[in-house]
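Try each task before reading its solution.

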Amino acid sequence: MTAATPAPADVQGVIPPLLTPLTADGRLDVPSLERLIEHHLAGGVDGLFVLGSSGEVAFFEDEMREQVLAQAVRLVAGRVPVLAGIIDTQTRRVLAHLRRAEQIGVAGVVATAPFYAITGPEEIENHFRAIAAATDLPVFAYDLPVCVHTKLDPALLVRLGREGVLTGVKDSSGDDVGFRRLVMMNEAAGAPLTLLTGHETVVDGAYLAGGHGSVPGLGNVDPGGFVRLDRAARAGDYATVRTEQEHLAALFEIVFAPVGKTGPAAGVGAFKTALYLMGIVDTNTMSAPMTALEGENVERVRAVLTGLGVELVR
């Protein structure tokens, strides 16, 4: 087995989607954000993706988005690249987020296809072309059909990569066949795109297919595990890759532990609860209308962490 194919862009490797710590009353918790960022950097991550799904971007008003991004960029202080999610329903709103991200100073931007209003292939292509035409920053397409209700066409993505419209793709589609097809088309076209998987439990398979990195929500809890997996894959050490992936898959069981929760209330809620128990964030508060894990659900997350030897302070 060989190491993962080198990516054509600088932003590759492990780029976790940064969680957004909140105070008990729902404001941005800056001291917790700082500890979380330092936790990531101590783990050796290659970048951070701010205002993604794990960062609760869909729940924030524009002012909150700007505050989160500005504080994250300030706290990272240029130590790793910061990608900004500019996710919104249609092109005009996305371009407004883009302008603010540029002013704050980010290394690249990440956008989904447009949603809410029904769109097709022509509108999706026009959307990404409009974003690229409005900025000199690298543009990453975010394939997230569970939320956007559109699966991005790999042939379109590769064509836009070849034409310089897109720099890369964050694939959170859950479609491993589709990801491999994207890798094959990308390599046949000369690898114009950096390909990142958002699937925490099959990062090993993404590297074997030829992917260039991961954007794992679970990376907030164990960034070092994903970094070790990445470095082992690049070295062709797939015995270590398997060991690290098996541990991370076991750790991912925290998202299945909560009872009576679904979607981000379960997944992001479990990540926040783990970080709270680890002493990295001060609360596991979620954005309204979601509620935080409590009681037995917290204990279920604790049991998974304790069983894997994670050091807890609460």
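**Exercise 1.** Work out whether the end-to-end distance of helix α3 (residues 91-104) agrees with its number of residues.

*Solution.* Start with the count: α3 has 14 residues. At 1.5 Å a residue (the expected span is 1.5 Å times one less than the number of residues), α3 should span 20 Å. Its end C-alpha atoms are 20 Å apart, so the two agree.

Before going on, two notes. This is a predicted model, in which local features need pLDDT of at least 70, side-chain atom pairs count only at pLDDT 80 or more, and totals for chains, interfaces and linings use all residues. Residues are numbered from 1 along each chain as its sequence is written, and side-chain values use heavy atoms, leaving out hydrogens and water.

**Exercise 2.** Find the buried residues of α3 and what covers them.

*Solution.* First, list the buried residues (under 20% relative accessible area, with a 1.4 Å probe and protein chains only): Val94, Leu95, Ala96, His97, Leu98 and Ala101. Next, look at their cover, which includes α2, β3 (82-85), β4 (108-111) and α4 (121-133). Finally, step just past α3, where glycine 105 takes a positive phi of about 100°.

**Exercise 3.** Is valine 183 buried or exposed, and what does valine 183 touch?

*Solution.* Begin by locating valine 183 in helix α7 (residues 176-188). Its relative accessibility is 2%, so valine 183 counts as buried. Leaving aside residues up to four places away in sequence, valine 183 touches Leu195, Ala209, Gly210 and Gly211 (contact means heavy atoms within 4.5 Å). As for leucine 195, 12 residues along the chain from valine 183, the two C-alpha atoms are separated by 7.5 Å.

Conventions
Helices (H or I, at least four residues) and strands (E, at least two) are DSSP runs, numbered from the N terminus. Buried means under 20% relative accessible area, exposed over 50%, partly exposed in between (1.4 Å probe, protein chains only).
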